[in-house]
Amino acid sequence: MTGVLSAEVLTGETVELLQAMIRNKCVNDGTAESGYETRNADLLRTYLGSTGLDLQGFEPTPGRASLVARIEGSDPTAPSLCLMGHTDVVPVNESGWSRDPFGGELIDGEVWGRGAVDMLNLTASMAVAFRHLAMTRFRPRGDLIYFAVADEESGSAHGMQWMADHELDSIRADYVLTESGGLHSGSKEQPSISVAVGEKGVAWRRLRVRGTPGHGSTPFKADNALMTAAAVIQRLGAYRPAPRFHEMWTTTVDRLGVDDETKRNLLDETLIDDYLESLPRPGLGAFLHACTHTTFSSNTVAGGGASRMKTNIIPDCVEIGVDVRTLPGERHDDVAAHLRAALGDLYDKVEVEVIMDDPASISRTDNPLWNSLERALARPFPSARPTPQIEVGFSDARIYRNLGSIAYGAGLFSPDVDPAEFGRRFHGNDERVDVESLRLTTQLWLDVVHDLLG
């Protein structure tokens, strides 16, 4: 097969591949034994096998495989481009879903399932675009790499970080496209499409609270670690660090298409907190708050002592998992200062273990990849402009940026997709993506590759 396939055929391939990846149920719960990304790596190896390209598999931990494919460039001095998508998904509470979260059903023009948004839709569309380029004998000027990576959802120790530490030559690239971007916003007069050029830092912490074990029948004046942990969690939940605007905040607000009064509230550090407090949840407020504040979310509680937590045992140790997201410029010591301010006199009763400590990262936009993205986005949406933004979550792009690469979160979704609703599907119930967005995104990868490397 060397002919050019229609957009309809390529979109069909993307839908089918996405459905199969969802059904493989590569759930990453943060333990080394979870993920099972080898299932999706094997699926992609089979899908790309007909290209005749050399496919490399890497499995640093049993069941945690990543896959790399490459189309060699004709000019060794030309820049290289990597299309990177992760193959793991987060756990799911099936009782909150209207459909089977791992059924991969196509219902009314939407593919349902865990990972349909984050980010198997992009990983699948990248594979379809890459295979199409290979089958049509496309010869890029610089290397074109497809990288399906494991363990993005839990910090990358079994995926991108391991590859960067041990197999860098296999994945090294000047330019990288990954998650998340491609949503429409702004006014009709000035429409914009988001491109993630950076992301907040991630500083996960495990807070360990110790007490004295005892029998649950005599709790009077007991040194109960769980009670202290509850107070720690409450103080973190009540903590309100001051807002701070990063270099791209003004651009983000300009592209929202809001009225002048709202814009004034969002651009004034003395007004923004009261304004955000007035907004309903769920809604845009949580995202805007995360864009302008260091955030702390206490998400897990577990017994940390030698004995198992039990109803009639006063626990001697409790561990709290805290997801901290930092603003550009903040480092390890800043996180410690925040924790001290939040916890007050409880700070000295807590042991702090660092789980992740990656600072915020940003890529410049004065380069050929940005220019290629701009032209590719203009093909279906001539009046829209790409808008650089900093993501409030983290991705494997941060590791590529640390290696010196230009890395963007991209994609291209239908203008009918509401950004707020779309955002709620990340790690949420009833995650799904529409077929039109899959068509647009698959074509975007093809257009960017041809423009940048053709």
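Met309 is partly exposed, with a relative accessible area of 35%; here buried means under 20% relative accessible area, exposed over 50% and partly exposed in between (1.4 Å probe, protein chains only). The structure is a predicted model, in which local features need pLDDT of at least 70 and side-chain atom pairs count only at pLDDT 80 or more, while totals for chains, interfaces and linings use all residues. Residues are numbered from 1 along each chain as its sequence is written, and side-chain values use heavy atoms, with hydrogens and water left out.

Met309 lies in the loop between strand S13 (295-303) and strand S14 (313-314). Helices (H or I, at least four residues) and strands (E, at least two) are DSSP runs, numbered from the N terminus. Together with Leu226 and Val301, Met309 forms a nonpolar surface patch of about 230 Å² accessible area. Such a patch joins nonpolar side chains (Val, Leu, Ile, Met, Phe, Trp, Tyr) within 5 Å, using residues with over 30% relative accessible area and no salt bridge.

Strand S3 (residues 81-86) is mostly covered, with 6 of its 6 residues buried. Leu81, Leu83 and Gly85 point one way, Cys82, Met84 and His86 point the other way, and all are buried. In a regular strand the side chains alternate between the two faces of the sheet.

S3 pairs in the parallel sense with strand S6 (residues 144-149) over 6 bridges, and also in the parallel sense with strand S7 (residues 175-178) over 3 bridges. Two strands count as paired if DSSP finds at least two bridges between them. Cys82 has Ile145 as its bridge partner in S6 and stands opposite Val176 in S7.

## Strands S1 and S2, and helix H2

Strand S2 (66-71) has 6 of its 6 residues buried. S2 runs antiparallel to S6, joined by 5 bridges, with Arg70 opposite Ile145. S1 and S2 are likewise antiparallel, with 4 bridges, and Leu55 stands opposite Ala69.

Helix H2 (residues 38-48) has Thr38, Asn40, Ala41, Leu44, Tyr47 and Leu48 as its buried residues. Their cover includes helix H1 (7-23), strand S1 (55-58), S2, H3 and S6.

## Nonpolar cores

The largest nonpolar core has 68 residues, and those with the most contacts inside it are Leu81, Leu144, Tyr146, Leu177, Leu369, Tyr408 and Trp445. Helix H3 (residues 120-135) gives the largest share of this core, 10 residues. A second, separate core of 20 residues includes Ala229, Ala342, Leu343 and Tyr347. A nonpolar core is a set of buried Ala, Val, Leu, Ile, Met, Phe, Trp, Tyr and Cys residues joined through side-chain atoms within 4.5 Å.

Contact means heavy atoms within 4.5 Å.

## The S4-S5-S20 sheet

Three strands form an open antiparallel sheet in the order S4-S5-S20. Strand S4 (106-107) and strand S20 (432-434) stand at the edges with a single partner strand each, so one side of each has no neighbour in the sheet. Strand S5 (residues 110-112) is joined to S20 by 3 bridges in the antiparallel sense, and Val111 stands opposite Val433.

Technical notes. Patch = residues over 30% accessible without salt bridge, like charges linked within 9 Å, V, L, I, M, F, W, Y side chains within 5 Å. Areas by Shrake-Rupley, 256 points an atom, 1.4 Å probe, with all protein chains shown as cover. Salt bridge = Lys/Arg side-chain N within 4 Å of Asp/Glu carboxyl O.
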